Amino acid sequence: MDDMMRFESRILDLTMNLAVLGAQWGDEGKGKIVDLLTPRFDIVARYQGGHNAGHTVYVNGTKFVLRLIPSGILHPGVVCVIGNGVVVDPQALFAEVDELARNGIQVDGRLFVSDKAHLILPYHRDLDLLSEARRGERKIGTTSRGIGPAYEDKIARRGVRVGDLNDPKGLEQNVRDNVVARNRLVHDSTMEWEAVLGQLQELGTRLKPMVRDVSLMLAEAMAAGKSIMFEGAQGTLLDIDHGTYPYVTSSNASIGGVCTGLGVGPRAINGVMGVVKAYTTRVGEGPLPTELHDAMGQRLRDSGNEYGAVTGRPRRCGWYDAVAVRYGVRVNGLDALALTKMDVLDGLEELQICTAYRCGDRTITEFPSDIGQLAACVPVYETLPGWNTPTKGVRRFDDLPENAKRYIARLEQVSGVPAALVSTGSERDDTILRADVLAARLPGFKTTL
Ligand code: GDP
Ligand code: IMO
Ligand code: MG
(Lines give C-alpha, C1' and ligand atoms only; values in the text may rest on other atoms or scores of the structure.)
(Ligands and ions follow the chains in the order given, each with its own letter.)
Protein backbone atom coordinates (compact mmCIF):
# COMPACT_ATOMS: atom_id res chain seq x y z
CA MET A 1 0.00 0.00 0.00
CA ASP A 2 1.15 3.51 -0.80
CA ASP A 3 2.51 4.70 2.51
CA MET A 4 1.29 8.24 1.98
CA MET A 5 -2.21 6.83 1.85
CA ARG A 6 -1.89 5.12 5.21
CA PHE A 7 -4.03 6.99 7.61
CA GLU A 8 -1.69 7.07 10.58
CA SER A 9 1.23 8.42 8.63
CA ARG A 10 -0.83 11.43 7.74
CA ILE A 11 -1.21 12.59 11.33
CA LEU A 12 2.20 13.80 12.45
CA ASP A 13 1.68 14.83 15.98
CA LEU A 14 -0.93 15.33 18.57
CA THR A 15 -1.03 17.71 21.47
CA MET A 16 -4.49 17.20 22.81
CA ASN A 17 -6.95 14.93 24.55
CA LEU A 18 -9.92 14.09 22.41
CA ALA A 19 -13.37 12.73 23.20
CA VAL A 20 -14.87 10.53 20.48
CA LEU A 21 -18.53 9.78 21.04
CA GLY A 22 -21.71 8.82 19.23
CA ALA A 23 -23.93 11.69 18.12
CA GLN A 24 -26.92 9.56 17.05
CA TRP A 25 -28.48 6.40 18.56
CA GLY A 26 -25.30 4.31 18.89
CA ASP A 27 -23.47 2.05 16.42
CA GLU A 28 -22.20 5.05 14.49
CA GLY A 29 -18.82 3.40 13.90
CA LYS A 30 -17.07 4.67 17.05
CA GLY A 31 -14.94 1.51 17.25
CA LYS A 32 -13.48 2.03 13.79
CA ILE A 33 -12.75 5.71 14.40
CA VAL A 34 -11.22 5.17 17.85
CA ASP A 35 -9.00 2.35 16.57
CA LEU A 36 -7.90 4.49 13.66
CA LEU A 37 -6.89 7.45 15.81
CA THR A 38 -5.33 5.37 18.60
CA PRO A 39 -1.71 5.40 17.35
CA ARG A 40 -1.57 9.14 18.10
CA PHE A 41 -2.62 8.70 21.74
CA ASP A 42 -0.97 7.18 24.79
CA ILE A 43 -4.17 6.16 26.58
CA VAL A 44 -7.70 5.25 25.48
CA ALA A 45 -10.34 5.44 28.21
CA ARG A 46 -13.95 4.24 28.35
CA TYR A 47 -16.10 6.41 30.64
CA GLN A 48 -19.59 4.83 30.70
CA GLY A 49 -21.76 1.94 29.58
CA GLY A 50 -20.74 -1.67 29.80
CA HIS A 51 -20.82 -4.73 27.58
CA ASN A 52 -24.03 -3.46 26.01
CA ALA A 53 -21.57 -1.72 23.66
CA GLY A 54 -20.33 -3.52 20.58
CA HIS A 55 -17.53 -1.63 18.85
CA THR A 56 -16.41 -3.31 15.65
CA VAL A 57 -12.90 -2.97 14.28
CA TYR A 58 -11.62 -4.66 11.11
CA VAL A 59 -7.89 -5.13 10.72
CA ASN A 60 -6.80 -6.73 7.46
CA GLY A 61 -10.03 -8.69 7.21
CA THR A 62 -10.06 -9.87 10.83
CA LYS A 63 -13.08 -8.68 12.78
CA PHE A 64 -12.81 -7.67 16.43
CA VAL A 65 -15.84 -6.64 18.51
CA LEU A 66 -14.85 -4.69 21.64
CA ARG A 67 -17.52 -4.54 24.32
CA LEU A 68 -16.00 -3.41 27.61
CA ILE A 69 -12.40 -3.00 26.60
CA PRO A 70 -11.52 0.28 24.85
CA SER A 71 -11.16 0.03 21.08
CA GLY A 72 -7.53 1.17 21.36
CA ILE A 73 -6.47 -2.24 22.68
CA LEU A 74 -5.46 -3.58 19.25
CA HIS A 75 -2.44 -1.26 19.22
CA PRO A 76 0.20 -2.92 21.43
CA GLY A 77 1.88 0.16 22.93
CA VAL A 78 -1.32 1.83 24.08
CA VAL A 79 -2.72 1.79 27.62
CA CYS A 80 -6.47 1.17 27.96
CA VAL A 81 -8.55 2.24 30.90
CA ILE A 82 -12.06 1.39 32.11
CA GLY A 83 -13.35 4.27 34.23
CA ASN A 84 -15.57 4.41 37.30
CA GLY A 85 -18.55 5.35 35.13
CA VAL A 86 -18.48 1.96 33.42
CA VAL A 87 -20.42 -1.02 34.82
CA VAL A 88 -18.20 -4.09 34.63
CA ASP A 89 -19.39 -7.66 34.28
CA PRO A 90 -16.18 -9.44 35.30
CA GLN A 91 -17.14 -12.59 33.40
CA ALA A 92 -17.73 -10.61 30.23
CA LEU A 93 -14.46 -8.74 30.79
CA PHE A 94 -12.39 -11.90 31.00
CA ALA A 95 -14.24 -13.53 28.09
CA GLU A 96 -13.11 -10.52 26.07
CA VAL A 97 -9.56 -10.64 27.40
CA ASP A 98 -9.35 -14.35 26.49
CA GLU A 99 -10.77 -13.80 23.03
CA LEU A 100 -8.20 -11.07 22.37
CA ALA A 101 -5.44 -13.39 23.61
CA ARG A 102 -6.57 -16.06 21.13
CA ASN A 103 -6.06 -13.44 18.42
CA GLY A 104 -2.58 -12.62 19.67
CA ILE A 105 -3.49 -9.43 21.58
CA GLN A 106 -2.10 -9.35 25.12
CA VAL A 107 -3.60 -6.94 27.63
CA ASP A 108 -1.33 -7.63 30.61
CA GLY A 109 0.14 -4.44 32.03
CA ARG A 110 -1.86 -2.17 29.74
CA LEU A 111 -5.49 -2.69 30.70
CA PHE A 112 -6.66 -1.03 33.92
CA VAL A 113 -10.01 -0.84 35.68
CA SER A 114 -11.15 1.79 38.17
CA ASP A 115 -11.61 0.63 41.75
CA LYS A 116 -14.77 2.76 41.76
CA ALA A 117 -16.41 0.99 38.79
CA HIS A 118 -19.55 -0.92 39.75
CA LEU A 119 -19.90 -4.62 39.04
CA ILE A 120 -22.68 -6.30 37.09
CA LEU A 121 -23.62 -9.45 38.99
CA PRO A 122 -25.75 -12.40 37.81
CA TYR A 123 -28.93 -11.04 39.43
CA HIS A 124 -28.65 -7.85 37.40
CA ARG A 125 -29.10 -9.83 34.21
CA ASP A 126 -32.19 -11.58 35.66
CA LEU A 127 -33.64 -8.25 36.76
CA ASP A 128 -33.06 -6.74 33.33
CA LEU A 129 -35.10 -9.54 31.73
CA LEU A 130 -37.78 -9.31 34.40
CA SER A 131 -38.12 -5.57 34.07
CA GLU A 132 -38.51 -5.85 30.30
CA ALA A 133 -41.11 -8.61 30.65
CA ARG A 134 -43.06 -6.50 33.16
CA ARG A 135 -43.08 -3.49 30.86
CA GLY A 136 -44.76 -5.59 28.16
CA GLU A 137 -45.53 -3.40 25.16
CA ARG A 138 -43.65 -0.50 26.73
CA LYS A 139 -40.39 -2.45 26.86
CA ILE A 140 -37.15 -0.59 26.16
CA GLY A 141 -35.60 -3.32 24.04
CA THR A 142 -32.47 -3.51 26.20
CA THR A 143 -29.45 -5.65 25.41
CA SER A 144 -30.38 -7.73 28.53
CA ARG A 145 -26.85 -7.45 29.88
CA GLY A 146 -27.96 -6.19 33.31
CA ILE A 147 -26.79 -2.65 32.59
CA GLY A 148 -29.84 -0.77 33.92
CA PRO A 149 -30.18 -2.77 37.16
CA ALA A 150 -26.45 -2.37 37.90
CA TYR A 151 -26.72 1.42 37.53
CA GLU A 152 -29.89 1.32 39.67
CA ASP A 153 -27.90 -0.28 42.48
CA LYS A 154 -25.14 2.29 42.06
CA ILE A 155 -27.56 5.19 42.45
CA ALA A 156 -29.33 3.45 45.35
CA ARG A 157 -25.92 3.13 47.06
CA ARG A 158 -26.05 -0.61 47.44
CA GLY A 159 -23.83 -1.55 44.48
CA VAL A 160 -20.71 -3.71 44.64
CA ARG A 161 -17.62 -1.93 43.35
CA VAL A 162 -14.40 -3.33 41.93
CA GLY A 163 -12.51 -2.01 44.97
CA ASP A 164 -14.85 -3.92 47.31
CA LEU A 165 -13.19 -7.15 46.20
CA ASN A 166 -10.36 -6.16 48.54
CA ASP A 167 -12.66 -6.13 51.57
CA PRO A 168 -13.79 -9.75 52.07
CA LYS A 169 -16.09 -9.05 55.03
CA GLY A 170 -17.86 -6.07 53.51
CA LEU A 171 -18.15 -7.91 50.20
CA GLU A 172 -19.75 -10.93 51.83
CA GLN A 173 -22.33 -8.84 53.62
CA ASN A 174 -23.15 -6.74 50.57
CA VAL A 175 -23.50 -9.75 48.26
CA ARG A 176 -25.62 -11.64 50.79
CA ASP A 177 -27.97 -8.70 51.37
CA ASN A 178 -28.32 -8.04 47.67
CA VAL A 179 -28.96 -11.65 46.63
CA VAL A 180 -31.49 -12.23 49.41
CA ALA A 181 -33.35 -9.03 48.48
CA ARG A 182 -33.31 -9.93 44.77
CA ASN A 183 -34.61 -13.43 45.40
CA ARG A 184 -37.64 -11.79 46.98
CA LEU A 185 -38.13 -9.61 43.91
CA VAL A 186 -37.70 -12.38 41.35
CA HIS A 187 -40.31 -14.84 42.61
CA ASP A 188 -38.97 -18.12 41.33
CA SER A 189 -35.32 -17.20 41.94
CA THR A 190 -33.33 -19.38 44.29
CA MET A 191 -29.97 -17.82 43.60
CA GLU A 192 -27.48 -18.72 46.34
CA TRP A 193 -25.46 -15.84 47.67
CA GLU A 194 -22.57 -18.17 48.55
CA ALA A 195 -22.27 -19.21 44.91
CA VAL A 196 -22.34 -15.58 43.70
CA LEU A 197 -19.72 -14.64 46.27
CA GLY A 198 -17.49 -17.60 45.41
CA GLN A 199 -17.52 -16.76 41.73
CA LEU A 200 -16.82 -13.13 42.49
CA GLN A 201 -13.85 -13.95 44.71
CA GLU A 202 -12.38 -16.08 41.95
CA LEU A 203 -12.81 -13.38 39.32
CA GLY A 204 -11.58 -10.79 41.84
CA THR A 205 -8.23 -12.53 42.13
CA ARG A 206 -7.78 -12.26 38.39
CA LEU A 207 -8.97 -8.67 38.33
CA LYS A 208 -6.68 -7.47 41.13
CA PRO A 209 -3.58 -6.61 39.07
CA MET A 210 -5.69 -4.41 36.81
CA VAL A 211 -7.31 -2.30 39.54
CA ARG A 212 -6.23 1.35 39.77
CA ASP A 213 -7.26 4.75 41.04
CA VAL A 214 -8.01 5.81 37.47
CA SER A 215 -8.53 9.50 38.19
CA LEU A 216 -5.05 9.70 39.72
CA MET A 217 -3.54 7.57 36.98
CA LEU A 218 -4.91 9.91 34.28
CA ALA A 219 -3.85 13.03 36.18
CA GLU A 220 -0.28 11.71 36.43
CA ALA A 221 -0.27 10.72 32.77
CA MET A 222 -1.42 14.19 31.73
CA ALA A 223 1.17 15.82 33.97
CA ALA A 224 3.79 13.73 32.16
CA GLY A 225 2.58 15.09 28.81
CA LYS A 226 0.65 12.01 27.70
CA SER A 227 -2.48 12.29 25.56
CA ILE A 228 -5.79 10.58 26.16
CA MET A 229 -8.67 9.63 23.91
CA PHE A 230 -12.02 9.35 25.71
CA GLU A 231 -14.17 6.70 24.03
CA GLY A 232 -17.93 6.94 24.33
CA ALA A 233 -20.30 4.01 24.13
CA GLN A 234 -23.91 4.17 22.88
CA GLY A 235 -24.89 7.60 21.57
CA THR A 236 -26.19 11.01 22.60
CA LEU A 237 -29.83 10.11 21.93
CA LEU A 238 -29.47 7.08 24.21
CA ASP A 239 -28.10 9.24 27.05
CA ILE A 240 -30.03 8.78 30.31
CA ASP A 241 -30.54 12.56 30.67
CA HIS A 242 -30.36 13.95 27.15
CA GLY A 243 -31.68 11.02 25.13
CA THR A 244 -35.19 9.93 24.21
CA TYR A 245 -36.11 8.91 27.79
CA PRO A 246 -37.25 6.32 28.79
CA TYR A 247 -36.00 4.62 25.60
CA VAL A 248 -32.38 5.16 26.53
CA THR A 249 -29.52 3.40 28.25
CA SER A 250 -28.76 4.07 31.92
CA SER A 251 -25.61 6.19 31.64
CA ASN A 252 -24.39 9.54 30.31
CA ALA A 253 -23.14 8.66 26.87
CA SER A 254 -22.76 12.33 26.01
CA ILE A 255 -19.81 14.53 26.93
CA GLY A 256 -20.66 15.10 30.61
CA GLY A 257 -20.00 11.40 31.21
CA VAL A 258 -16.28 11.91 30.54
CA CYS A 259 -15.74 14.00 33.67
CA THR A 260 -17.94 11.98 36.00
CA GLY A 261 -16.94 8.63 34.53
CA LEU A 262 -13.18 9.10 34.78
CA GLY A 263 -12.58 11.75 37.41
CA VAL A 264 -11.05 14.35 35.06
CA GLY A 265 -11.84 18.04 34.87
CA PRO A 266 -13.59 19.62 31.87
CA ARG A 267 -10.39 21.31 30.68
CA ALA A 268 -8.82 17.87 30.22
CA ILE A 269 -11.08 17.55 27.17
CA ASN A 270 -9.44 19.57 24.42
CA GLY A 271 -11.70 18.52 21.58
CA VAL A 272 -14.91 16.61 20.93
CA MET A 273 -15.52 14.54 17.82
CA GLY A 274 -19.01 13.26 17.14
CA VAL A 275 -19.26 10.07 15.14
CA VAL A 276 -22.28 10.00 12.81
CA LYS A 277 -23.45 7.61 10.15
CA ALA A 278 -24.32 9.06 6.75
CA TYR A 279 -27.84 7.82 7.52
CA THR A 280 -29.58 6.85 10.79
CA THR A 281 -30.03 3.60 12.71
CA ARG A 282 -31.44 2.56 16.05
CA VAL A 283 -31.71 -0.78 17.89
CA GLY A 284 -34.47 -1.32 20.42
CA GLU A 285 -37.64 0.68 20.98
CA GLY A 286 -38.36 4.41 21.00
CA PRO A 287 -39.04 7.16 18.48
CA LEU A 288 -36.97 7.39 15.30
CA PRO A 289 -38.43 10.14 13.12
CA THR A 290 -36.70 9.23 9.85
CA GLU A 291 -37.29 5.47 10.12
CA LEU A 292 -38.05 3.79 6.80
CA HIS A 293 -40.40 0.81 6.89
CA ASP A 294 -40.14 0.23 3.16
CA ALA A 295 -37.72 -1.33 0.68
CA MET A 296 -35.29 1.58 1.12
CA GLY A 297 -35.03 0.80 4.84
CA GLN A 298 -34.23 -2.80 3.98
CA ARG A 299 -31.72 -1.65 1.34
CA LEU A 300 -29.83 0.39 3.97
CA ARG A 301 -29.97 -2.54 6.42
CA ASP A 302 -28.59 -4.96 3.82
CA SER A 303 -25.89 -2.71 2.35
CA GLY A 304 -24.85 -1.41 5.76
CA ASN A 305 -25.06 -4.87 7.37
CA GLU A 306 -27.18 -3.25 10.05
CA TYR A 307 -27.50 -6.07 12.52
CA GLY A 308 -26.52 -5.51 16.16
CA ALA A 309 -22.90 -6.33 17.05
CA VAL A 310 -24.05 -7.49 20.53
CA THR A 311 -27.49 -9.03 20.10
CA GLY A 312 -27.66 -9.62 16.34
CA ARG A 313 -30.98 -7.75 16.23
CA PRO A 314 -31.82 -6.02 12.93
CA ARG A 315 -31.25 -2.28 13.31
CA ARG A 316 -34.01 0.12 12.37
CA CYS A 317 -32.78 2.27 9.46
CA GLY A 318 -33.68 5.68 8.08
CA TRP A 319 -32.35 8.78 6.35
CA TYR A 320 -29.85 11.18 7.92
CA ASP A 321 -31.57 13.26 10.57
CA ALA A 322 -29.86 16.64 10.83
CA VAL A 323 -32.27 17.81 13.55
CA ALA A 324 -31.06 14.98 15.80
CA VAL A 325 -27.39 15.56 14.92
CA ARG A 326 -27.68 19.31 15.55
CA TYR A 327 -28.98 18.41 18.98
CA GLY A 328 -25.91 16.19 19.46
CA VAL A 329 -23.72 19.10 18.37
CA ARG A 330 -25.34 21.30 21.03
CA VAL A 331 -25.37 18.83 23.92
CA ASN A 332 -21.76 17.76 23.37
CA GLY A 333 -20.26 20.97 22.01
CA LEU A 334 -18.94 19.01 19.03
CA ASP A 335 -15.91 20.45 17.26
CA ALA A 336 -16.10 18.15 14.27
CA LEU A 337 -17.87 15.11 12.90
CA ALA A 338 -16.47 11.76 11.82
CA LEU A 339 -18.88 10.75 9.06
CA THR A 340 -19.05 6.98 8.56
CA LYS A 341 -20.56 4.50 6.12
CA MET A 342 -20.66 6.83 3.11
CA ASP A 343 -20.10 3.77 0.89
CA VAL A 344 -23.42 2.28 2.03
CA LEU A 345 -25.17 5.02 0.04
CA ASP A 346 -23.31 4.13 -3.20
CA GLY A 347 -25.61 3.47 -6.14
CA LEU A 348 -28.74 5.14 -4.77
CA GLU A 349 -30.55 7.34 -7.26
CA GLU A 350 -31.65 9.90 -4.71
CA LEU A 351 -30.94 10.63 -1.06
CA GLN A 352 -32.96 12.43 1.55
CA ILE A 353 -31.72 14.57 4.41
CA CYS A 354 -34.13 15.49 7.19
CA THR A 355 -33.62 19.18 7.95
CA ALA A 356 -36.68 19.90 10.13
CA TYR A 357 -39.72 18.20 11.66
CA ARG A 358 -43.35 18.87 10.97
CA CYS A 359 -45.34 18.68 14.21
CA GLY A 360 -49.05 19.22 13.60
CA ASP A 361 -49.22 22.55 11.78
CA ARG A 362 -45.78 23.72 12.94
CA THR A 363 -42.34 23.20 11.42
CA ILE A 364 -39.60 22.92 14.03
CA THR A 365 -35.86 22.87 13.63
CA GLU A 366 -34.87 22.05 17.22
CA PHE A 367 -35.05 18.49 18.54
CA PRO A 368 -38.11 18.37 20.84
CA SER A 369 -37.42 17.96 24.53
CA ASP A 370 -40.74 16.15 24.94
CA ILE A 371 -40.72 12.56 23.73
CA GLY A 372 -44.47 12.60 23.02
CA GLN A 373 -43.94 15.53 20.69
CA LEU A 374 -40.97 13.79 19.08
CA ALA A 375 -43.04 10.67 18.45
CA ALA A 376 -45.64 12.79 16.65
CA CYS A 377 -43.07 14.51 14.41
CA VAL A 378 -42.81 13.86 10.70
CA PRO A 379 -39.52 14.59 8.94
CA VAL A 380 -39.18 17.40 6.43
CA TYR A 381 -36.83 16.17 3.71
CA GLU A 382 -34.54 17.71 1.20
CA THR A 383 -33.75 15.53 -1.81
CA LEU A 384 -30.24 15.25 -3.23
CA PRO A 385 -29.00 13.33 -6.24
CA GLY A 386 -27.08 10.09 -5.60
CA TRP A 387 -23.89 8.82 -7.25
CA ASN A 388 -22.95 5.77 -9.26
CA THR A 389 -19.18 5.81 -8.98
CA PRO A 390 -18.46 3.93 -5.74
CA THR A 391 -17.04 5.78 -2.76
CA LYS A 392 -16.04 2.46 -1.18
CA GLY A 393 -12.40 2.52 -0.21
CA VAL A 394 -11.84 6.11 -1.38
CA ARG A 395 -9.09 7.75 0.70
CA ARG A 396 -8.86 11.28 -0.73
CA PHE A 397 -11.68 13.78 -0.65
CA ASP A 398 -10.93 14.88 -4.20
CA ASP A 399 -11.48 11.31 -5.43
CA LEU A 400 -15.10 11.26 -4.29
CA PRO A 401 -17.82 11.55 -6.94
CA GLU A 402 -19.13 15.12 -7.21
CA ASN A 403 -22.58 14.21 -5.86
CA ALA A 404 -21.03 12.52 -2.82
CA LYS A 405 -19.09 15.74 -2.14
CA ARG A 406 -22.34 17.68 -2.50
CA TYR A 407 -24.11 15.33 -0.09
CA ILE A 408 -21.35 15.78 2.50
CA ALA A 409 -21.31 19.56 2.05
CA ARG A 410 -25.07 19.81 2.56
CA LEU A 411 -24.99 17.40 5.49
CA GLU A 412 -22.30 19.52 7.15
CA GLN A 413 -24.23 22.71 6.50
CA VAL A 414 -27.46 21.45 8.05
CA SER A 415 -25.66 19.69 10.93
CA GLY A 416 -23.70 22.80 11.89
CA VAL A 417 -20.20 21.25 12.02
CA PRO A 418 -17.84 19.96 9.34
CA ALA A 419 -16.61 16.38 8.98
CA ALA A 420 -12.91 15.99 9.78
CA LEU A 421 -13.00 12.31 8.84
CA VAL A 422 -15.08 10.52 6.23
CA SER A 423 -15.17 6.75 6.43
CA THR A 424 -15.67 4.78 3.22
CA GLY A 425 -15.35 1.20 4.46
CA SER A 426 -14.93 -0.83 7.61
CA GLU A 427 -11.16 -1.31 7.26
CA ARG A 428 -8.85 1.08 9.11
CA ASP A 429 -7.40 2.81 6.09
CA ASP A 430 -10.65 3.23 4.19
CA THR A 431 -10.87 6.73 5.57
CA ILE A 432 -10.57 10.25 4.25
CA LEU A 433 -8.68 12.64 6.49
CA ARG A 434 -9.57 16.28 5.89
CA ALA A 435 -6.54 18.19 7.04
CA ASP A 436 -8.16 21.58 6.46
CA VAL A 437 -11.09 20.73 8.72
CA LEU A 438 -8.79 19.27 11.38
CA ALA A 439 -6.59 22.36 11.31
CA ALA A 440 -9.59 24.66 11.66
CA ARG A 441 -11.59 22.69 14.22
CA LEU A 442 -9.10 20.51 16.13
CA PRO A 443 -5.79 22.36 15.88
CA GLY A 444 -4.11 19.92 18.27
CA PHE A 445 -3.76 17.51 15.35
CA LYS A 446 -0.78 18.28 13.15
CA THR A 447 -1.13 16.60 9.78
CA THR A 448 1.09 16.14 6.75
CA LEU A 449 -1.59 17.30 4.34
P1 GDP B 1 -19.97 1.38 17.18
O2 GDP B 1 -20.78 0.70 18.21
O3 GDP B 1 -20.25 2.84 17.09
O4 GDP B 1 -18.49 1.11 17.32
O5 GDP B 1 -20.42 0.77 15.78
P6 GDP B 1 -20.67 -0.79 15.45
O7 GDP B 1 -19.38 -1.49 15.40
O8 GDP B 1 -21.73 -1.34 16.35
O9 GDP B 1 -21.37 -0.68 14.04
C10 GDP B 1 -20.72 -0.06 12.97
C11 GDP B 1 -20.58 -1.10 11.83
O12 GDP B 1 -20.24 -0.43 10.65
C13 GDP B 1 -19.45 -2.08 12.07
O14 GDP B 1 -19.79 -3.31 11.50
C15 GDP B 1 -18.27 -1.46 11.33
O16 GDP B 1 -17.33 -2.43 10.88
C17 GDP B 1 -18.99 -0.85 10.16
N18 GDP B 1 -18.37 0.36 9.59
C19 GDP B 1 -17.75 1.38 10.23
N20 GDP B 1 -17.40 2.34 9.34
C21 GDP B 1 -17.83 1.90 8.13
C22 GDP B 1 -17.81 2.46 6.82
O23 GDP B 1 -17.35 3.57 6.59
N24 GDP B 1 -18.36 1.71 5.83
C25 GDP B 1 -18.92 0.49 6.04
N26 GDP B 1 -19.44 -0.16 5.02
N27 GDP B 1 -18.94 -0.07 7.27
C28 GDP B 1 -18.43 0.64 8.29
P1 IMO C 1 -22.65 0.96 21.01
O2 IMO C 1 -21.62 1.42 22.01
C3 IMO C 1 -26.87 0.86 19.99
C4 IMO C 1 -29.70 0.40 23.27
C5 IMO C 1 -30.50 -0.89 23.41
C6 IMO C 1 -31.77 -0.36 24.02
C7 IMO C 1 -31.27 0.74 24.96
C8 IMO C 1 -31.10 0.29 26.42
O9 IMO C 1 -22.29 -0.27 20.30
O10 IMO C 1 -23.07 2.08 20.13
P11 IMO C 1 -29.35 -1.25 27.67
O12 IMO C 1 -29.00 -2.70 27.49
O13 IMO C 1 -28.20 -0.33 27.52
O14 IMO C 1 -30.12 -1.00 28.93
O15 IMO C 1 -30.39 -0.94 26.48
O16 IMO C 1 -30.01 1.14 24.45
N17 IMO C 1 -28.23 0.22 23.22
C18 IMO C 1 -27.50 0.42 22.12
N19 IMO C 1 -27.87 0.71 20.87
N20 IMO C 1 -25.56 0.77 20.30
C21 IMO C 1 -25.17 0.50 21.56
O22 IMO C 1 -23.89 0.54 21.95
C23 IMO C 1 -26.17 0.28 22.53
N24 IMO C 1 -26.13 -0.03 23.85
C25 IMO C 1 -27.41 -0.05 24.26
O26 IMO C 1 -30.71 -1.49 22.15
O27 IMO C 1 -32.55 0.26 23.05
MG1 MG D 1 -22.13 -0.91 18.39
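R157 is placed in the loop between α4 (147-155) and α5 (168-185). In this predicted model, the phi angle of R157 is near 65°, a positive value in a residue other than glycine. The points below treat the backbone and then the cysteines.

**Backbone features**

- Most residues other than glycine have a negative phi, and most peptide bonds are trans.
- R157 has a relative accessibility of 78% and therefore counts as exposed, since the cut-off for that class is over 50%.
- K341 also has a positive phi, near 65°, and is a residue other than glycine. This residue is found in the loop between β16 (336-340) and β17.
- Y245 and P246 are joined by a cis peptide bond, for which omega is about 5°. Of these two residues, P246 has its place in the loop between β11 (228-231) and α8 (256-262).

**The disulfide**

- A disulfide is a covalent bond between the sulfur atoms of two cysteines.
- The count for this model comes to one disulfide. It joins C359 to C377, with an S to S distance of 2.4 Å, which falls within the cut-off of 2.5 Å.
- The torsion about the S-S bond of C359 and C377 is about 60°, and the disulfide is therefore right-handed.
- C359 lies in strand β17 (residues 350-359), while C377 lies in the loop between α11 (371-375) and β19 (378-385); the pair therefore ties together parts that are 18 residues apart in sequence.
- Both partners count as buried because the cut-off for that class is under 20%: C359 has a relative accessible area of 10%, and C377 has one of 8%.

**Cysteines in no disulfide**

- C80 is in no disulfide, and the nearest cysteine sulfur to that of C80 belongs to C259, 20 Å away. With a relative accessibility of 0%, C80 counts as buried.
- C259 is likewise in no disulfide; the nearest cysteine sulfur is that of C80, at 20 Å. C259 has a relative accessible area of 22% and is partly exposed.

Note on methods. Residues are numbered from 1 along each chain as its sequence is written. Chains are lettered from A and ligands numbered from 1 in the order in which they are written. This is a predicted model: local features need pLDDT of at least 70, side-chain atom pairs count only at pLDDT 80 or more; totals for chains, interfaces and linings use all residues. Side-chain values use heavy atoms; hydrogens and water are left out. Helices (H or I, at least four residues) and strands (E, at least two) are DSSP runs, numbered from the N terminus. Buried means under 20% relative accessible area, exposed over 50%, partly exposed in between (1.4 Å probe, protein chains only).
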